[in-house]
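Visitor: I would like to go through this structure with someone who can tell me what each label rests on. Could you show it to me and take my questions?

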Amino acid sequence: MSSEALQTEVVVESLAERVAKLQTTLDTTSEGNDSAFRLNALGVEQNTQSVIDFNDWVEWSSHW
Amino acid sequence: MASSHRTLIVLQPTTFCNIDCQYCYLPHRGQTTKMTLDVVRRVATEVLSSDLLEEPFNFLWHLGEPLAIGQDFYEEAFAEIARINEQYQRKYILSYQTNATLLNEKWIKLIQKYDVKIGLSLDGPAFIHDRLRITRNKRGTHGDVMRGVRLLQKNAIPFSVIAVLTDYTLDYPDEFFQFYFDNHIDHVAYNIDEIEGSHTVTTFSNDNVVQRYKGFLHRLLELIEQQQGAIVVREVVSNLNLLTQTNHSPYNTTNRPLRILNVHYNGNITTFTPELVSASSEKYHNFIMGNILEDTLADLLNNSVFQQTHREIEEGIALCKQTCAYWDYCGGGSPASKFFEHGRFDVAETTTCRIHKKATIDVLVDYVEAKTRRTLPMLQSTTETLRN
């Protein structure tokens with residue numbers, strides 16, 4: 001096998017492109033794949049029982 | 001653009017603080033000043049009657065230790081706000097941002113009576129916290145804070161925690177996480193020790209600190225995932241929400257007029273980010289944009305200090321939008337960081353940007369990309385991705 005065939009293609013993706021791809025991937029994984037990684041494992045979509053509004057809390061404490 | 005967030009009314013009941021954190025940005029922490037009820041009445045009347053501010057409101061008592069001035073002041077202040085609101089019927093909540101060292105049963109009763117939301121400051125385990133969150137006698141405050149934490153927990157009062165990270169903390173992600181997990185503290189936010197106000201240095205200026213921070217956050221993500229999101233970390237959740245929302249517009253309340261109204265103990269008012277209350281600046285007249293005992297919110301918008309500050313902040317936002325790949329997840333950065341690092345607002349990147357926003361987004365994208373590749377092999381790309 002030639003060294004050219006072994007060469008990995010290197011593509012520089014922008015952050016926006018990576019995020020767009022991530023959004024698509026996460027949408028796909030949410031469609032019925034039980035073993036798929038889900039963002040709630042990182043705490044997203046939790047806190048629904050708390051009286052503290054998380055978004056509000058983010059605003060008032062984000063820099064001090 | 002309308003925001004789903006509450007308009008924040010930050011009230012400084014006193015400049016005094018009973019402890020002496022080494023990274024604190026607030027000046028005059030040794031002075032026993034106190035807000036008068038006249039100021040409270042004027043703020044409440046102006047805010048609750050105003051059509052310039054978006055409802056609901058969050059009256060947050062901070063910018064000094066709010067529990068340092070006793071319960072009687074708040075009994076009267078909260079009653080006055082409620083009485084004034086009988087006429088206007090606006091929605092609002094009350095909040096304390098406290099160091100928690102003065103909490104006792106009397107405070108608990110007041111907090112329960114008025115359903116006051118609690119944010120407290122706790123930097124992690126004692127060996128981290130007690131390095132910098134100390135009394136004037138140089139004694140660590142971790143034990144006192146944890147006594148307050150236990151009181152809140154015993155009374156089933158929910159609270160969130162803000163931790164300040166220094167570069168020292170970056171070596172201890174496991175200990176940092178485990179402390180909150182073991183103590184059933186499940187809402188944690190962290191800030192970095194920024195250059196702000198009277199705090200003129202940051203430990204996040206060292207050469208390798210970005211990589212160390214990224215390592216810290218990556219490990220924190222592993223630990224959070226191992227416990228299936230048992231601890232909600234603001235920097236993780238808020239940024240993941242932004243990253244996974246399509247068609248959102250970035251919105252940053254700290255750089256928009258009248259999304260935050262800051263009221264000094266003596267009635268002086270300013271808007272934008274609350275750290276401006278601590279600023280000393282001849283050029284910007286210490287950011288005093290009026291006094292609530294004499295001026296209305298409409299007057300504030302016509303104030304020359306406001307107009308100059310607003311104009312420069314807008315120039316800074318435009319520069320961010322023009323030059324920063326992270327714009328969609330930020331909305332223009334913190335005006336306070338721009339001012340305290342550069343002495344002006346019409347600039348873009350700051351240390352806080354590099355760490356708290358950009359490096360955080362980088363780690364989150366890397367982490368979730370790696371996770372989704374592992375769980376969805378059919379989508380795995382053969383291309384090697386390099387960050388721009």
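Visitor: What makes you say that helix 8 of chain B lies across strand 6 of chain B?
Guide: The angle tells us. In this predicted model, helix 8 (residues 234-244) runs at about 90° to strand 6 of chain B. Helix 8 of chain B lies across strand 7 of chain B as well.

Visitor: Which strands make up the sheet, and in what order?
Guide: Nine strands of chain B, ordered 7-6-5-4-3-2-1-8-9, form an open sheet with mixed pairing.

Visitor: Why are strand 7 and strand 9 of chain B said to stand at the edges?
Guide: Strand 7 (232-233) and strand 9 (269-271) of chain B each have a single partner strand, so one side of each has no neighbour in the sheet. Helix 5 (residues 142-154) of chain B also packs on this sheet, where it touches strand 4 (117-121) and strand 5 of chain B. The direction of helix 5 makes about 155° with that of strand 4 of chain B.

Visitor: How do you know that strand 5 and strand 6 of chain B pair?
Guide: Pairing takes at least two bridges, and strand 5 (residues 159-165) and strand 6 (residues 187-192) of chain B have five, in the parallel sense. One residue to look at is B:Leu165, whose bridge partner in strand 6 of chain B is B:Ile192.

Visitor: What joins strand 8 of chain B to strand 1 of chain B?
Guide: Four bridges join strand 1 (residues 7-11) of chain B to strand 8, and the two run parallel. Across this pairing, B:Leu8 stands opposite B:Ile260.

Visitor: In which sense does strand 8 of chain B pair with strand 9 of chain B?
Guide: The sense is antiparallel, over three bridges. B:Leu261 has B:Thr271 in strand 9 of chain B as its bridge partner. Together strand 8 and strand 9 of chain B form a hairpin, with five residues between them.

Visitor: What makes both faces of strand 8 of chain B count as covered?
Guide: Strand 8 (residues 260-263) of chain B has buried residues on both sides: B:Ile260 and B:Asn262 on one, B:Leu261 and B:Val263 on the other.

Visitor: Why is B:Gly267 called buried?
Guide: Buried means under 20% relative accessible area. B:Gly267 has 0% relative accessibility, so B:Gly267 counts as buried. B:Gly267 lies in the loop between strand 8 and strand 9 of chain B, and has a positive phi of about 100°. Beyond four places in sequence, B:Gly267 touches B:Val39, B:Gly290, B:Asn291 and B:Ile292.

Visitor: Is B:Gln71 buried or exposed?
Guide: B:Gln71 has 13% relative accessibility and therefore counts as buried. B:Gln71 is found in helix 2 (residues 71-88) of chain B. Leaving out residues up to four places away in sequence, B:Gln71 touches B:Asn104, B:Lys106, B:Trp107 and B:Leu110.

Visitor: Which residues have the most contacts inside the largest nonpolar core?
Guide: They are B:Phe59, B:Trp61, B:Tyr96, B:Leu120, B:Leu122 and B:Tyr180, in a core of 112 residues. Another core, of 14 residues, lies apart from that one and includes B:Cys17, B:Cys21, B:Leu60 and B:Ile260. B:Phe59 touches residues including B:Ile9, B:Leu11, B:Val43 and B:Tyr92.

Visitor: How do you know that the size of chain B agrees with a compact globule?
Guide: For 388 residues, a compact globule would have a radius of gyration near 21 Å, and chain B has 21 Å, so the two agree. The C-alpha trace of chain B spans about 65 × 45 × 40 Å along its principal axes. Buried residues make up 60% of chain B.

Conventions:
Residues numbered from 1 in each chain as written. Chains lettered and ligands numbered in written order. Predicted model: local features only at pLDDT ≥ 70, side-chain atom pairs only at ≥ 80, totals over all residues. Heavy atoms only, no water. Contact = heavy atoms within 4.5 Å. Axes fitted to C-alpha atoms, helices over the stretch in contact; angles between N-to-C directions. Core = buried A, V, L, I, M, F, W, Y, C linked by side-chain atoms within 4.5 Å. Buried < 20%, exposed > 50% of the residue type's maximum accessible area, 1.4 Å probe, protein only. Rg over C-alpha atoms; globule rule 2.2 N^0.38 Å.
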